[in-house]
Amino acid sequence: MSRLGKLPVEIPSGVEASLDGSTIRVKGPKGELNFTAPSLVDVRHEDGAIHVNPANDTQKARALWGTVRAQVKNMVHGVTQGFEKNLELVGVGYRAQMQGADLKLSLGLSHDVVYSPRPGVTIATPKPTEIKIEGADRQVVGQTAAEIREFRPPEPYKGKGVKYADEQIRRKEGKKK
């Protein structure tokens, strides 16, 4: 039994949730998201909450039960408060700046990297060495942060590169004579 799957997802005031077959639509102040639940999971909208239950007693249905509930909870959280990822640039001359809606990165390569954000994501650079990614969809915000980090992941000797703000880099010792 999924302990989290049994809990209903409460719909706060100011958020509209509708259920059309197995498609869940959630609309709030930060945007609108939708998700199609698999047929192995039964989703109901009643009493100002969304209830998720497995459609049958198979292992796959029980596995998807908590996952679908987490997706719905993330959608409700995303349209009310939104999600945010912070990146830091570590290295001499590593800079980030906005060029219109695009992000221009100077990462010690022979050229500057220009990244166009996905729809529904806003990127800001409060400092030249910080990048702030915000959006309503948790998966899209995380994927955007991962794609930006992929241009120059942190290396283990000096820690140079693009890293998450809360990431700890495991450092290696250099060569000895």
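Helices (H or I, at least four residues) and strands (E, at least two) are DSSP runs, numbered from the N terminus. The legends below describe a predicted model, in which local features need pLDDT of at least 70 and side-chain atom pairs count only at pLDDT 80 or more, while totals for chains, interfaces and linings use all residues. Residues are numbered from 1 along each chain as its sequence is written, and side-chain values use heavy atoms, with hydrogens and water left out.

Figure 1. Leaving aside residues up to four places away in sequence, K104 touches R95, A96, Q97, Q99, D112 and V113, where contact means heavy atoms within 4.5 Å.

**Figure 2. The interface of domain 1 and domain 2**. The domain assignment gives domain 1 (4-81) and domain 2 (83-164); such bounds come from an automatic or database assignment. The centres of the two domains, taken over C-alpha atoms, are separated by 31 Å. Six residues of domain 1 are in contact with four residues of domain 2. Between them the domains bury about 420 Å², with 63% of it on carbon and sulfur atoms (buried area is the accessible area, 1.4 Å probe, that two parts lose on being put together, summed over both). L33, N74 and G78 supply 69% of the area that domain 1 buries against domain 2, more than any other three residues. One residue pair is in polar contact across this interface, both at pLDDT 80 or more. On the side of domain 1 that touches domain 2, the largest share, three residues, comes from helix α1 (residues 59-80).

**Figure 3. The salt bridge between E88 and K163**. Side chains of opposite charge can pair when their charged atoms come close. In the salt bridge of E88 with K163, the closest N and O atoms are 3.3 Å apart (a salt bridge is a side-chain nitrogen of Lys or Arg within 4 Å of a carboxyl oxygen of Asp or Glu). The pair links distant parts of the chain, 75 residues apart: E88 lies in strand β7 (residues 83-90) and K163 in strand β13 (residues 161-164). The whole structure holds eight salt bridges, but the count between domain 1 and domain 2 is zero.

Note on methods:
A polar contact is a pair of N or O atoms within 3.5 Å; within protein, one must be able to donate a hydrogen and the other to accept it, and residues adjacent in sequence count only if both atoms are side-chain atoms.
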